[in-house]
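I opened this notebook to record what I looked up, one entry at a time. The structure comes first.

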Amino acid sequence: MTEPDDQRPPPFGSLNELLRSSYSFLGYGALAVRLGALDQQLYGKWCRRCKGIWFGLALEVECPRCGNRKG
Ligand SMILES: [Zn+2]
């Protein structure tokens with residue numbers, strides 16, 4: 001009862017929100033869109049060509065904006 005409850009890291013959904021607001025947001029991976037993946041299942045991925053962040057499932061590697069697969 002004495003433990004402060006506000007020391008935990010933010011939930012993963014909030015991390016994605018932070019990434020979306022901090023970097024240029026490129027969109028979502030094609031597979032994530034097709035499967036209707038939840039935000040908590042998505043990983044933020046950097047595209048060097050677009051200089052921004054997109055979100056996709058763990059196995060997705062292709063930037064939805066430019067098709068770059070090299071990160
Ligand atoms: Zn790109």
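The entries below go from the sheet to one of its residues and then to the core.

Entry 1, the model. I note that this is a predicted model.

Entry 2, the sheet. I looked up how the strands are arranged. Three strands form an open sheet, in the order β1-β3-β2, with mixed pairing. β1 (25–28) and β2 (43–47) are at the edges; each has a single partner strand, so one side of each has no neighbour in the sheet. From one strand to the next, the twist averages 25°.

I checked β2 against β3, which covers residues 52–56. The two pair in the antiparallel sense, over five bridges. I then looked for the bridge partner of C47 in β3, and found G52.

Is F25 buried, exposed or partly exposed? I found 16 C-beta neighbours inside 10 Å. A buried residue needs 20 or more and an exposed one has 12 or fewer, so F25 counts as partly exposed. Residues up to four places away in sequence aside, F25 touches R20, G52 and I53. I also looked up the C-alpha atoms of F25 and I53: they are separated by 5.2 Å, although the two residues are 28 apart along the chain.

Which residues make up the largest nonpolar core? I listed seven: L26, A32, L42, C47, W54, F55 and C63. In soluble globular proteins, nonpolar side chains tend to be buried together.

I set aside the neighbours within four places in sequence and looked up the contacts of A32. They are A37, L42, F55, G56, L57 and E60.

How values were computed:
Residues numbered from 1 in each chain as written. Predicted model: local features only at pLDDT ≥ 70, side-chain atom pairs only at ≥ 80, totals over all residues. Core = buried A, V, L, I, M, F, W, Y, C linked by C-beta atoms within 7 Å. Contact = placed C-beta atoms within 7 Å. Pairing = 2+ DSSP bridges. Helix = DSSP H or I, 4+ residues; strand = E, 2+ residues; numbered from the N terminus. Axes fitted to C-alpha atoms, helices over the stretch in contact; angles between N-to-C directions.
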